Amino acid sequence: MVNTILESTIDPINLKKLTAVSNPKLHAFIAEAIELLKPSKVLVVTDSKEDLANLREMAKNGGGEIPLAIPGHTYHFDGPNDQGRDTFSTRYLLPKDMELGESLNSIDRQQGLDEIRGLLKNAMKGRTMIVCFWCLCPTGSDFAISCVQITDSPYVAHSESILYRPGYEQFKKLGPNDEFFRFMHSEGQTDENGCSIHWEKRRVYIDLIDNTVYSVNTQYAGNTVGLKKLALRLAIQKASKEGWLAEHMFIMGAKGPGGRTTYFAGAFPSACGKTSTAMLPGQTIIGDDIAYFRKRGGRVYAANVEQGIFGIIGDVNPDDDPVIFKALQSPGEVIFGNVLIADGKPYWEGMGCRLPERGINFQGQWYPGKKDGDGKEIPPSHKNARYTIRLDALANLDPELENPQGVPVGGIIYGGRDSDTLVPVEQAFNWTEGIIAKGASIESETTAATLGQHGVRKFNIMANQDFVSIPLGRYIQNNLDFAKGVKNPPAIFSVNYFLRDENNKFLNGKLDKMIWLLWAELRVNGDVEALRTPTGWIPRWEDLAALFAEKLGKTYTQQDYVKQFTVRVANLLDKFDRVEKIYRDKVPDTPQIVYETFAAIRRRLQDARSRHGDFISPLEL
Ligand code: SPV
Ligand code: MN
């Protein structure tokens, strides 16, 4: 049956490419997709240069991208209502015997499958179904996971060819029982601009039983590029069963004294400085979004799941982000998403030059002062406008990106958008407190990376809340257990780049994050002492002043230090009350150690308050 379907729909050349991968489960998936989507043609993409070049051409010829003046550059627009991840319509398909807890969005499995199959029915009539193979993490490594993507969007397939390692040859080596991830996407009906019309019927449904994600009526990469956040959700479930970790984290090399490199991984909610930390001048980048962690010989190693960046372009300018700015001005494959286009060039807010007065953007013709249907002024580029680029286009790429072993992790950083509570950097006392009081206690103000209201303080466990696919208590326990058998677990830090003063002005400059990172690098290597607060270790003024002078040529006054590093006791107590309430109300499987840790921290904060009051200057410590 499967063979009949494949042979009757796929031309001999593409059929040969498909059957060279002799995996019966793959063939069944493709046949099922053909039956459901009814494409007029099937294109099978191998790892060959010709096949990848063909994808680029398809994308440029009516496939969702338009060429720009610089060779290799194109732009892509998503519809006005399709500009970010849709966390509301992204749901886990829940079998009757599975519990995920109420903090994860789910729908009965059968009901969800019926709904999404209904939406995907005949979706590719008159279209080409693209079948492509990619790999999460370096191919052939113990991190690697094979993936197959089905899509009718050349833009989606082309984006994947930039962001992920080719996986066709690896797929050929899979045994009949080896696991792989499957993604099925259709942009649905499109309008005269090529944008999905039925965005209200946008759905991203995740089937954990079958390692399959379905996505329909959307084009925004965060909802469609299977290997990105759709795969992360599947990977978290797989990691939980197999004893490793899949995290929403960058990986980068921080440079210490004497040319030393210490690797850090960092989790930040979307649009909170994650990419710009990974790309700090003078340091080296391995990845900016998703990392897998494994233990080997009592050490923790991490690998980048991706080989490219889908980064926020707003505020990328030659002063703040020189490395990426240069790459975005140079010939080579780059897709600009939802920026302003004029005279064949891309423009965005905060790029450090005057923007043109006329152009086109995701809302059509644009001019300053143009309003949308609700009377709201349309910005020239969307706040979540992005670029897609391969990491090898960057001057500061770390040489270990393709190391199949990954890199040894010295430190882990948890960040968030917090105007009034956490100090700019603080080291947790140990792994357990780090996981619980730093990672599992992140609260961050919402941003344009997800649809919905912005600027609302929201709980976001390990900055991974949107992607966790197991009960949250188990997820915390997995993180705690991961350090078992590790001689020196990575040191854990919190950072906060968004602290403001009483006039709502940011207390830090954009490059100050380099200093917090380099201080953390010194701490990991035991090079500096630190001051003990109720919640962890903070830097001494003199160590920061030396780093500011050496790395940024800046004077760091004691007055600035006191403002930034004052321990805000009342705010911290409130924070832990809010977070604990979420665990008590919504996470029935919260490990007891979480409550014990909160209680211990609260006692230390109250004790400090009785001696110093609500605000503790670091000079008093
Ligand atoms: C994020 O929003 O965290 C991103 C972009 O990295 S995406 O998930 O692809 O929307
Ligand atoms: Mn992300």
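On a 1 Å grid over the protein atoms alone, a cavity is a set of points where a 1.4 Å probe fits but cannot get out, and its lining residues have an atom within 4 Å of a point. The model treated here is predicted, so that local features need pLDDT of at least 70 and side-chain atom pairs count only at pLDDT 80 or more, while totals for chains, interfaces and linings use all residues. Residues are numbered from 1 along each chain as its sequence is written, ligands are numbered from 1 in the order in which they are written, and side-chain values use heavy atoms, with hydrogens and water left out.

**Exercise 1. Describe the largest cavity and its lining.**

Step one is the inventory: the structure holds 9 cavities of 30 Å³ or more, where grid points are joined across faces, edges and corners and a volume is the space filled by probe spheres set on the points. The largest cavity has a volume of about 80 Å³.

Step two is the lining, which consists of 14 residues, with Tyr414, Gly415, Leu422, Ile442 and Lys575 lying nearest the centre of the cavity. At least two lining residues come from each of helix H12 (431-438) and strand E30 (491-495); helices (H or I, at least four residues) and strands (E, at least two) are DSSP runs, numbered from the N terminus.

Step three sorts the lining by class, giving 5 nonpolar, 5 polar and 4 charged residues. In this count Ala, Val, Leu, Ile, Met, Phe, Trp, Tyr, Cys and Pro are nonpolar, Asp, Glu, Lys and Arg are charged, and the others, Gly among them, are polar.

**Exercise 2. Describe the salt bridge between Lys575 and Glu443, and then the one between Asp614 and Arg609.**

The side chains of Lys575 and Glu443 meet at 3.7 Å, N to O. Lys575 lies in helix H17 (residues 569-586) and Glu443 in strand E28 (residues 443-445), so this pair ties together parts that are 132 residues apart in sequence. Both Lys575 and Glu443 are buried.

For Asp614 and Arg609, the closest N and O atoms are 3.2 Å apart. Asp614 counts as partly exposed because its relative accessibility is 32%, and Arg609 counts as partly exposed at 33%. A search of the whole structure finds 41 salt bridges.

**Exercise 3. Which residues are the protein donors of the manganese ion (ligand 2)?**

They are Lys229 (NZ), His248 (NE2) and Asp289 (OD), which lie 2.2 to 2.3 Å from the ion; donors are N, O and S atoms within 2.8 Å of the metal (3.2 Å for Na, K and Ca), and water is not among the atoms, so sites may look incomplete. Along the sequence, the donor residues are spaced K-x18-H-x40-D. Lys229 lies in helix H9 (residues 226-242) and His248 in the loop between strand E12 (245-247) and strand E13 (249-255), so the pair ties together parts that are 19 residues apart in sequence.

Both Lys229 and His248 are buried. Lys229 and Asp289 also belong to a network of salt bridges that links them with Lys228, Lys274 and Glu306.

**Exercise 4. Trace the pairing of strand E13.**

E13 is mostly covered, with 6 of its 7 residues buried. It runs antiparallel to strand E14 (residues 261-267), to which 7 bridges join it, and two strands pair if DSSP finds at least two bridges between them. E13 and E14 form a hairpin with 5 residues between them, and Gly258 in the turn has a positive phi of about 70 degrees. E13 is also joined by 3 bridges to strand E15 (residues 284-287), again antiparallel, where Met252 has Ile285 in E15 as its bridge partner.

Terms used: Buried < 20%, exposed > 50% of the residue type's maximum accessible area, 1.4 Å probe, protein only. 1 Å grid on protein atoms, 1.4 Å probe; cavity = no way out; pocket = protein on both sides within 12 Å on 5 of 7 lines; lining within 4 Å. Salt bridge = Lys/Arg side-chain N within 4 Å of Asp/Glu carboxyl O.
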